[in-house]
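Subject: Structure handover

Hello,

Here is the structure we spoke about, with notes on what was found in it. Please read the notes with the model open.

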Amino acid sequence: MPQNLEKPVLNTLSKDQAKERKLSVMENIYLPEIFKGMWYTFKQMFKPKFTMMYPEERWDPPAIFRGRPVLVKDNGKERCVACGLCARACPPLAISMQANEDAEDPKERYPDFFEINMLRCIYCGLCEEVCPEEAIVMSKDYDITFTSREEAVYDKEKLLIPKEDLVDRLEYLREYKNRQFGQFWDFQEENNIHSVRNRDKRWETSLSLVEMLEEKQRQEKSLNA
Ligand code: SF4
Ligand code: SF4
């Protein structure tokens with residue numbers, strides 16, 4: 001059916017306006033309504049307050065609170081073994097890292113650098129959920145400010161927090177999230193192998209993987225010489 005553009009379209013709101021309640025004389029004067037509002041405000045002054053004088057007064061959130069993600073520092077070292085699972089699970093790709101091997105103990109890996117872009121982080125907690133070492137956890141820190149994009153990228157120095165300061169969250173995780181932790185297997189120090197270096201020599205060559213690679217490099221060098 002062709003639309004009659006000459007006739008204005010009926011606004012549904014204008015129909016509802018007809019149903020609006022008519023104000024009484026007192027309401028039309030406004031003053032009684034203003035005093036009613038002031039009386040209500042006055043009564044609230046004597047009720048308990050839930051607001052705080054931030055930043056002088058600070059809120060201590062419960063353990064379930066998900067503040068900024070931090071790395072756990074255990075006996076002066078990061079727990080993180082740079083497996084990369086958190087970076088893989090992070091939906092907005094906020095985490096980046098580079099793994100390295102410990103010079104003193106080549107079985108151990110650690111993150112050479114570990115960064116979280118706090119402009120991207122959505123505080124979902126997935127990094128904490130997937131971490132096999134309880135090395136990254138959601139802290140109580142909600143006071144996050146920066147004045148440039150560069151400042152918003154938190155490095156290891158900003159991320160590492162001693163485990164003693166994260167007791168609440170670690171306890172909460174054990175109690176409510178990782179209940180299976182330590183129940184089905186006993187932690188063995190020798191299981192904690194994070195690289196192929198120094199593994200048992202089970203190859204036909206009786207060389208470890210690293211030795212095989214070194215041997216290959218030696219052969220290539222001698223060929224090129
Ligand atoms: S809390 Fe979520 S968004 Fe933030 S770093 Fe962890 S996985 Fe990424
Ligand atoms: S998942 Fe845990 S151990 Fe693996 S890289 Fe992330 S913080 Fe480190």
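Two strands pair if DSSP finds at least two bridges between them; helices (H or I, at least four residues) and strands (E, at least two) are DSSP runs, numbered from the N terminus. This is a predicted model, in which local features need pLDDT of at least 70 and side-chain atom pairs count only at pLDDT 80 or more, while totals for chains, interfaces and linings use all residues. Residues are numbered from 1 along each chain as its sequence is written, chains are lettered from A and ligands numbered from 1 in the order in which they are written, and side-chain values use heavy atoms, with hydrogens and water left out.

The sheet

β4 and β6 pair in the antiparallel sense over two bridges, and Asn117 stands opposite Val153 in β6. On β3, β4 (residues 109–117) pairs over seven bridges, again antiparallel. Here Arg109 is the bridge partner of Glu101, and Tyr110 that of Asn100.

The cores

A nonpolar core is a set of buried Ala, Val, Leu, Ile, Met, Phe, Trp, Tyr and Cys residues joined through side-chain atoms within 4.5 Å. Buried means under 20% relative accessible area, exposed over 50%, partly exposed in between (1.4 Å probe, protein chains only). The largest core has 20 residues, and Leu71, Ile95, Phe114, Ile116 and Ile136 have the most contacts inside it. Two or more of its residues come from each of β3, β4 and β5 (136–138). A second, separate core has seven residues, including Val72, Leu166, Tyr172 and Leu173.

Helix α7

In α7 (residues 167–177), Arg169, Leu170, Tyr172 and Leu173 are buried. They line one face of the helix, because they fall within an arc of 160° seen down its axis (the arc is that of the directions from the helix axis to the C-beta atoms). Among what covers them are α5 (126–130) and β5.

The ligands

The residues around ligand 1 (a heavy atom within 4 Å) include Cys90, Cys121, Cys124 and Cys127. Around ligand 2 they include Cys80, Cys83, Cys86 and Cys131. The shell of ligand 1 has 10 nonpolar, one polar and no charged residues, and that of ligand 2 has 10 nonpolar, one polar and no charged residues. Ala, Val, Leu, Ile, Met, Phe, Trp, Tyr, Cys and Pro count as nonpolar, Asp, Glu, Lys and Arg as charged, and the others, Gly among them, as polar.

Regards

Terms used. Contact = heavy atoms within 4.5 Å.
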